[in-house]
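The exercises below ask for a careful reading of one model, and each is followed by a solution that goes step by step. Please look through the sequence and the coordinates before starting.

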Amino acid sequence: QVQLVESGGGLVQAGGSLRLSCAASGRTFSTYAMGWLRQAPGKEREFVAAISWSGGSTSYADSVKGRFTISRDNAKNTVYLQMNSLKPEDTAVYYCAADSARSRWRGGYYRPIDFGSWGQGTQVTVSS
């Protein structure tokens, strides 16, 4: 298990950009696939993006493809989510999460239940 702390959320106008960061503790960070998920008020938590433990494979929800980019720096125990061309419907609490098992890549198909460690979340609000 890893402990995760997100940062970088805030208020931005539609069309703007934000970069979220997730700092992880523990020496096993580089063995976990990582993901970003989000939850809007009154809605279920949904998958946004995932990256394999090496960073060589990524996966995105259709709603964010071409606008968001997930990346990781294993030397810094950090995973990032670069969000461009933000829309009001991107407003949500964004969570960083680690796969529930080490050294596993699900081929890009992730559900919230597939993650075993979660951060506390960071609020992203996009105004129109």
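## Exercise 1: Strands and overall form

Along the sequence, the chain follows the pattern β-β-β-β-β-β-β-β-β-β-β. This is a predicted model, in which local features need pLDDT of at least 70 and side-chain atom pairs count only at pLDDT 80 or more, while totals for chains, interfaces and linings use all residues. Residues are numbered from 1 along each chain as its sequence is written, and side-chain values use heavy atoms, with hydrogens and water left out.

**Task.** Determine how many helices and strands the chain has, and check its radius of gyration against that of a compact globule.

**Solution.** Step 1: helices (H or I, at least four residues) and strands (E, at least two) are taken as DSSP runs and numbered from the N terminus, and the chain has zero helices and eleven strands.

Step 1: the radius of gyration is taken over C-alpha atoms, and the globule rule is 2.2 Å times the number of residues to the power 0.38. For 128 residues the rule gives a value near 14 Å, and the 13 Å of the chain agrees with this.

Step 2: along the principal axes, the C-alpha atoms fill a box of roughly 40 × 25 × 25 Å.

Step 3: with contact meaning heavy atoms within 4.5 Å, 60% of the contacts between residues at least 6 apart in sequence join residues at least 24 apart.

Step 4: of the 128 residues, 46% are buried, where buried means under 20% relative accessible area, exposed over 50%, and partly exposed in between (1.4 Å probe, protein chains only).

## Exercise 2: The disulfide

**Task.** Find which cysteines a disulfide joins, and work out which parts of the chain the pair ties together.

**Solution.** Step 1: with a disulfide defined as a pair of cysteine sulfur atoms within 2.5 Å, the count comes to one disulfide.

Step 1: this disulfide joins Cys-22 to Cys-96, with an S to S distance of 2.1 Å. The link of Cys-22 and Cys-96 is left-handed, with -80° about the S-S bond.

Step 2: Cys-22 lies in strand 3 (residues 18-25) and Cys-96 in strand 9 (residues 92-99), so the pair ties together parts that are 74 residues apart in sequence.

Step 3: Cys-22 counts as buried at 0% relative accessibility, and Cys-96 likewise counts as buried at 0%.

## Exercise 3: Salt bridges

Step 1: Asp-90 and Arg-67 form one of them, their closest N and O atoms being 2.8 Å apart. This pair links distant parts of the chain, since Asp-90 is in the loop between strand 8 (78-83) and strand 9, and Arg-67 is in the loop between strand 6 (58-60) and strand 7 (68-73), 23 residues apart.

Step 2: Salt bridges that share partners join Asp-99, Arg-104, Arg-106, Arg-111 and Asp-114 into one network. Within this pair, Arg-106 is partly exposed at 26% relative accessibility, whereas Asp-114 is buried at 3%.

Notes: Salt bridge = Lys/Arg side-chain N within 4 Å of Asp/Glu carboxyl O.
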